[in-house]
Structure formats: structure tokens, C-alpha cells
Protein chains: 2
Amino acid sequence: MSKITSSILIIGNEVLSGRTQDINVQFIAKELSKLGINLSEVRIVTDNKKEIVINLNQLRKKYDYVFTTGGIGPTHDDITSESISEAFNVEYSINSEAYNILKNFYPKGELNEGRIKMTKMPKGARLIKNPLTVAPGFYIENVYALPGVPKIMQTMFPNIINNLNISDPIISETVHTNLFESIIAKSLEEIQNKFNDCEIGSYPNFDYKSNIGGVNIVISGKNILSVKKAKDEVIKIIKKMGGK
Amino acid sequence: MSKITSSILIIGNEVLSGRTQDINVQFIAKELSKLGINLSEVRIVTDNKKEIVINLNQLRKKYDYVFTTGGIGPTHDDITSESISEAFNVEYSINSEAYNILKNFYPKGELNEGRIKMTKMPKGARLIKNPLTVAPGFYIENVYALPGVPKIMQTMFPNIINNLNISDPIISETVHTNLFESIIAKSLEEIQNKFNDCEIGSYPNFDYKSNIGGVNIVISGKNILSVKKAKDEVIKIIKKMGGK
């Protein structure tokens, strides 16, 4: 089974300035794991049209899917839709379906310039419904434009799943040990070499209060049996080395 | 004053899988703001040498500084040092200063293969001292290699500040309003156009329990007076439009 790949392009000065802690990557990453889609790369760029266009064009050619977050609201710094239009070299104009959704939702006279802006999209884009705050996202070819506000993005994400090619979920098992990483490094590498359909990662953690170190060893892959066998071998070497 | 630019390259399967929530971007971003250095881009890539080399070479040519996090530990999946060596086309070998630090720290016989691996770096690299867990990071030209474990990275970061060209800090002021974003969009754009040495961002938030929407308007820049004036104008338009 060939790997399905994807990337996230975050349009977000607020993340790059450190004012906002991004939590969209982790949400999307977990959802994609369940769908058997690999998240291969994330980029966070400024609200700059040229940068968005360059990066989007690189990512959409390299990966099966690109998910963008942020920049589809009503203000001057929301330039994602315009930038995606430019990346695809298509007209940036009002999407009549989106326009009708907003027209029906807002009381007469309240469909102002900012709200109309939210109906402007790349020509040929199709809508991603927004059950929470109405203004839709959109997708064009393999690019899915989602809002940056986590709660809104999260309610919209399920609406795109039916469009995606999915695969067996990526499962992962974690083994924790009190041994130091450097002690088990060599044995872990041997297990990794033996199970090439699994990915074995080693993530140290350290409790600075109790001065106790430890490692989470994460075995992941799509072949449940293989992940299980690799996990058993990891547990075996930990015991052999006197760890727990 | 010309802008000082930077980027972060996160080497992290654990972030891309959704198992780990990255918090290093926000920490580094905030530190850089204080130093007047713009964080212009972040990339998160897999533990794959080819990808690390390609992305590192793009970023180090484009920005004044690149900070990498992750992948400098003792296990098989720690390939950042080797990848940086390849990107710079220099030998990947034991750094004698790092070797001596570890040799002096560990009891005799405990400087095992994994620990020795942590002393291997690009030839010509200089050390970033690690007050917490001893094994140093390193820098070569404009690339700073830091560990991925937040607490360790955070204790090491101050040790690189003296190397960086710094500038006036980037200050930011936030104005919160209960008005909807679309209502103030046009006026905000006018203020943005007037103050081109400030960056004005608009970030909606929504309390789903109380059904109350609102917006944080963030004005940032290096010119304190300009930021202050732009802020006053934002407050003025909010009052004019009946908001608070």
C-alpha cells in the first residue's frame, strides 16, 4: 500500500510572534493518523502573499494533501484565499454558494464588506461547511483552506474527511522505561533495523524535581502485528538491561 | 534599521504524529521578539536526512539565523548533527571539547556509544553549553542546533544570545473589543495603511458558552510611539462604532 502524504501550511503572524500557541497541528495530525494519512511536513509562514504562494505551490506539488489554517476571515490581514487563487492562477472572486449562505444567515443590511470578503475564493473552489460560525472554508484540487480559530477548524474538519483517500490507521504503542536513552540506544537501533515497517522513536523525559530520567519509546506503523512484535522486543531489552 | 530575520526547523516525528504538542516555537518566538529578531518561518520535518538537508539549506540561505530543535540525542533516530554536517558539506566527527565535557562528567566506563554519539558534530562547530543535562548543542555559521526537550532547550537558549545580532525589541499592544471582526474590518485596514511601520493583526475569539464573540486587535512594531498612536486610533474607532 503506497503512503498517503500531507502537509499543513499555517498562515499566522500570531504564531510566529509567540503571542498564540498553535494547537491546530496536533489536532489535524491526530485526525490524519486515524485516517492512515502521513503528516510529512508543517510550515508556518507570515501573512505575506508572496510567501504563501511560494510555499503553497511547493507543498501542493510535493504532497497528496495540503491543509491551510488561518487567514480566511474578514480583515485586511486575511489574505489566504487571495493567495491560494494566485498560487493556482485562477480568479479570486465571490463564490455564489458561499454568498447565498451568508446572505440567508445575516439579517438584511448586515452583509457588510468584511463578510462579503469571506465569500471570495479561488474560482472553481468547493465549500467546506461551517456548522459553528457559518462562513465556509473551501477546497481546490488537493488544497483545503480552514480557519485558524481552533474550535471552528475542529468542527469543520470532519466535513472534509469524505473527500480524502484514506488508508489503514497508523497505530502507535508507547513503552516507558526508567533507563537512560544512551543505555538502550544500540539495542533500539537493532530492533529498528529488524522491523522496517515500523518507526521506532525515542523521547527522553526528565523529572527535574525528583532527578529521575526516563524515556518513552514509541513504536508506530500500520502493521499491527509488526508493531506488537517490535514492542515485545523493546520490553525484552529493557528487562535484560535491568530497567523497568 | 534593517530587519533581522530567522527561522526554526523542528526535527520531530513526534510532533508530526500528533503525539507531542510542540511548545518550543512559542518560547523561541518570544525570546526573539525581545531581541528584536523577526521569526519569519517555521518548518517541522520528519527524521529524514534528505528532508533535513534540503530544508536547512533553504532556510539558512534565506534567513539571518536558523534554530533547529530536536534530533541531537544518543539514539538511532537522532540524525540532526549528521544532517547539518551534510548540509554544510563538512565532516561529521567527534568534537574534542564536547568529548572532554562528557568524559569528565560520566563515571569511568559509562561513556558509552550513545553518549559518544552526542559529541559528534559538524567539523568547525562551536558548542552551546548545557547546564542541565551536560551534552552540549552546537552552532555552525548561522545555524544553532538545540535539543527538542523543552526544559533543556530553554536552559540552553540564553547561552546563544551573545552571538546574535540584536535590534530594538518588537513590542505589541492588544486591544480587545466585543465588536465582530467584520464590523471593524474596513476601519482597521485604514489604520494599517496609515501606520506602515506597525503590523496590525485581528484575531477573533468566541466564547461558545455565553455566545459572545470578540476580537483581539494586536498592534506590533519597533517604534513605540507609532504603536501607541495606532492603538489610540483603534480604540477610537471601537468607541465610534458603539463597541467596548
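Q: In this predicted model, is the crossing of H3(B) and H4(B) right-handed or left-handed?
A: Two packed helices are described by the angle between their axes and the distance between the axes. In this predicted model, H3(B) and H4(B) cross in the right-handed sense.

Q: At what angle do the axes of helix H3 and helix H4 of chain B cross?
A: The axis of helix H3 (residues 49-62) of chain B and that of helix H4 (residues 80-88) of chain B cross at roughly 50° and come within 9 Å. H3(B) is therefore oblique to H4(B).

Q: Which residues in H3(B) meet H4(B)?
A: From H3(B), Lys49(B), Ile52(B), Val53(B), Leu56(B) and Asn57(B) take part. They meet residues in H4(B) including Thr80(B), Ile84(B) and Ala87(B). By class, this contact of H3(B) with H4(B) has 5 nonpolar, 3 polar and 3 charged residues.

Q: How many residues does the contact take from chain B and from chain A?
A: The size of an interface is often given as the accessible area lost when the parts come together. Counted by residues, the contact here takes 51 from chain B and 51 from chain A. The side of chain B that touches chain A divides into 18 nonpolar, 20 polar and 13 charged residues.

Q: In what sense do strand E2 of chain A and E2(B) pair?
A: Strand E2 (residues 37-45) of chain A pairs with E2(B) in the antiparallel sense over 5 bridges. Val45(A) stands opposite Glu41(B) in E2(B).

How values were computed:
Residues are numbered from 1 along each chain as its sequence is written. Chains are lettered from A and ligands numbered from 1 in the order in which they are written. This is a predicted model: local features need pLDDT of at least 70, side-chain atom pairs count only at pLDDT 80 or more; totals for chains, interfaces and linings use all residues. Axes are lines fitted to C-alpha atoms, for helices over the stretch in contact, and angles run from 0 to 180 degrees between N-to-C directions. Helices (H or I, at least four residues) and strands (E, at least two) are DSSP runs, numbered from the N terminus. Angles under 35 degrees count as roughly parallel, over 145 as roughly antiparallel, 65 to 115 as roughly perpendicular and the rest as oblique. A crossing is left-handed if the near helix is turned anticlockwise from the far one by less than a right angle, and right-handed if clockwise. Two residues are in contact if their C-beta atoms, placed from the backbone, lie within 7 Å. Ala, Val, Leu, Ile, Met, Phe, Trp, Tyr, Cys and Pro count as nonpolar, Asp, Glu, Lys and Arg as charged, and the others, Gly among them, as polar. Two strands pair if DSSP finds at least two bridges between them.
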